[in-house]
Amino acid sequence: MTKEQYDTARDYRQDIYLLDCIRDSQLKNHWVKFVTPDGLDREGYSEVLVDDFEEWVQKEREKLEKLFEEL
């Protein structure tokens, strides 16, 4: 494994961990906040956004796990 592959694998694992933490919060019915550099610090309120975000988290995690395994 090259240093570049190692760095990529490490980044994937960190992102997977982050998504796992978000998913754990979602399963506990906790709100997930969106924070931006310009100071926005808000939660999503509509069921559409919350449901779509939950789906995105799961799909993104699966995609990253597959990429990680391919390394």
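1. In which helix is Gln 26 found? Gln 26 is found in helix α1, where helices are DSSP runs of H or I with at least four residues, strands are runs of E with at least two, and both are numbered from the N terminus. This is a predicted model, in which local features need pLDDT of at least 70 and side-chain atom pairs count only at pLDDT 80 or more, while totals for chains, interfaces and linings use all residues. Residues are numbered from 1 along each chain as its sequence is written, and side-chain values use heavy atoms, with hydrogens and water left out.

2. Helix α1 covers residues 3-27; with 25 residues, α1 reaches 36 Å from its first C-alpha to its last, close to the 36 Å expected at 1.5 Å a residue (the expected span being 1.5 Å times one less than the number of residues).

3. Gln 26 is buried, with a relative accessible area of 7% (buried means under 20%, exposed over 50% and partly exposed in between, with a 1.4 Å probe and protein chains only). Leaving aside residues up to four places away in sequence, Gln 26 touches Val 32, Phe 53, Glu 54 and Val 57, contact meaning heavy atoms within 4.5 Å. The buried residues of α1 also include Tyr 12, Ile 16 and Leu 19, and what covers the buried residues of α1 includes α2.

4. The axes of α1 and α2 (residues 47-70) come within 9 Å and cross at roughly 150 degrees, the axes being lines fitted to C-alpha atoms over the stretch in contact and the angles running from 0 to 180 degrees between N-to-C directions. The two helices are therefore roughly antiparallel (over 145 degrees; under 35 is roughly parallel, 65 to 115 roughly perpendicular and the rest oblique). Among the α1 residues that meet α2 are Ala 9, Ile 16 and Gln 26, and among their α2 counterparts are Phe 53, Trp 56 and Leu 64. The residues of this contact divide into 11 nonpolar, two polar and eight charged, with Ala, Val, Leu, Ile, Met, Phe, Trp, Tyr, Cys and Pro counted as nonpolar, Asp, Glu, Lys and Arg as charged, and the others, Gly among them, as polar.

5. Gln 14, which also lies in α1, is partly exposed, with a relative accessible area of 47%. Its C-alpha atom is separated by 23 Å from that of Asn 29, 15 residues apart along the chain.

6. Asn 29 sits in the loop between α1 and β1 (33-35) and is exposed, with a relative accessible area of 69%. Although Asn 29 is not a glycine, it has a positive phi of about 60 degrees.
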